[in-house]
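Dear colleague,

Please find below the structure I am handing over to you. My findings follow it.

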Amino acid sequence: MTEREDRTEHALRMGHADGTEPPGAANLAEQTDAAARTGETGGGAWLLETVAVSKRYVRDGRPLHVLDRVTLGVREGEFVSIVGPSGSGKSTLFRLIGGVERPDEGRIRIAGRDVTGRRGLISYMPQQPSLFPWLTVRQNIASALAIAGIDRKKAAALATEWLERIGMGDTAGAYPDELSGGMKQRVSFLRALLVPRDVMCLDEPFAALDALTRTRMQAWLLKQWEAHRRAVLLVTHSIEEAILLSDRIYVLGGAPATVLREIPVPLPRPRRPDMWNEPAFGRLREDILTLLGRSGERDD
Ligand code: ADP
Ligand code: MG
């Protein structure tokens, strides 16, 4: 297939907003509850899907079954979280989605196309900001955009413009070592946001921050996301973070990890950080805790 045909096919598949099911929807529907399918959470085509993905490693000469037929997805404009305990396989799932590793079974699809094992199709924000220390803040963003195929001049202009927009214009010429942890994460998020990919995958982006900075960063991310509505898949072990930010949550648990449940978050948008006071928030938190507690019992 030529690149042009490839793009055309992509555009055609992206045009499934008329309610026709995209390829792969039938698979996902098996695990998706009725509320999500009838449009309560937006409906529409899956932008990113993992379809019955399984992964095994070998550790100390013994097989380690990490993921067991994990099926989940993100639609256009959706914020979806995966919560699960440490070591449940969340980062492994992201490596499979990013094409850095291949699943033993199952497929990864983007806009209905099989992309299993292919790299460079999602934008990714890691737990540690991973900025190049020898590049300025602006160069860190601009170089990532240039690698993604954006003209160098345009990349630099975009970086400058967006740093201004998030109130970090005066740090454009600074080096990462001169920034606080929260500021580094903002730069890292901006880099992921500006890379022209349909889906952003954020792997515990706030886990390394202190509690206060983390709360501020969640509020900041909410504001940015509600203004731009990119499709996001966020991995976190914080139930509160998942509820505050997400349209839907997949609870991952057990060993090997399976999707224990898919939960729509009924809170209205725009979300406010003080929503944890609301009864619906508390009920959801209890439900997820109970689920994860039960999956823990299963391991014993
Ligand atoms: P999480 O991100 O949910 O904390 P990970 O995906 O990092 O979990 O890891 C899941 C499990 O897989 C852990 O038990 C981890 O030790 C194991 N694991 C991850 N990568 C490898 C690897 N390359 N080889 C062997 N075991 C691995
Ligand atoms: Mg991890």
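How many helices and how many strands are there in the chain? The chain holds ten helices and ten strands. Please bear in mind that this is a predicted model. Of the 300 residues of the chain, 38% count as buried. As for contacts with a separation of 6 or more, 70% of those in the chain are between residues 24 or more positions apart.

The residues around ligand 1 are Tyr-57, Arg-59, Leu-64, Val-66, Gly-84, Ser-86, Gly-87, Ser-88, Gly-89, Lys-90, Ser-91 and Thr-92. Two or more residues of this shell come from each of strand 1 (46–59), strand 2 (62–75) and helix 4 (90–97). Helix 4 gives the largest share, three residues. By residue class, the shell around ligand 1 divides into seven polar, three nonpolar and two charged residues.

The other element I examined is helix 7. Helix 7 covers residues 181–194, and its 14 residues reach 20 Å from the first C-alpha to the last, close to the 20 Å expected at 1.5 Å a residue. Is helix 7 mostly covered or mostly uncovered? Helix 7 is mostly covered, with eleven of its 14 residues buried. Among them are Val-187, Phe-189, Leu-190, Leu-193 and Leu-194, together with Lys-184, Arg-186 and Arg-191.

Yours sincerely

Note on methods
Residues are numbered from 1 along each chain as its sequence is written. Chains are lettered from A and ligands numbered from 1 in the order in which they are written. This is a predicted model: local features need pLDDT of at least 70, side-chain atom pairs count only at pLDDT 80 or more; totals for chains, interfaces and linings use all residues. A residue is near a molecule or strand if its C-beta atom, placed from the backbone, lies within 6 Å of it. Helices (H or I, at least four residues) and strands (E, at least two) are DSSP runs, numbered from the N terminus. Ala, Val, Leu, Ile, Met, Phe, Trp, Tyr, Cys and Pro count as nonpolar, Asp, Glu, Lys and Arg as charged, and the others, Gly among them, as polar. The expected span of a helix is 1.5 Å times one less than its number of residues. A residue is buried if 20 or more other C-beta atoms lie within 10 Å of its own, exposed if 12 or fewer, and partly exposed in between; C-beta atoms are placed from the backbone. Two residues are in contact if their C-beta atoms, placed from the backbone, lie within 7 Å.
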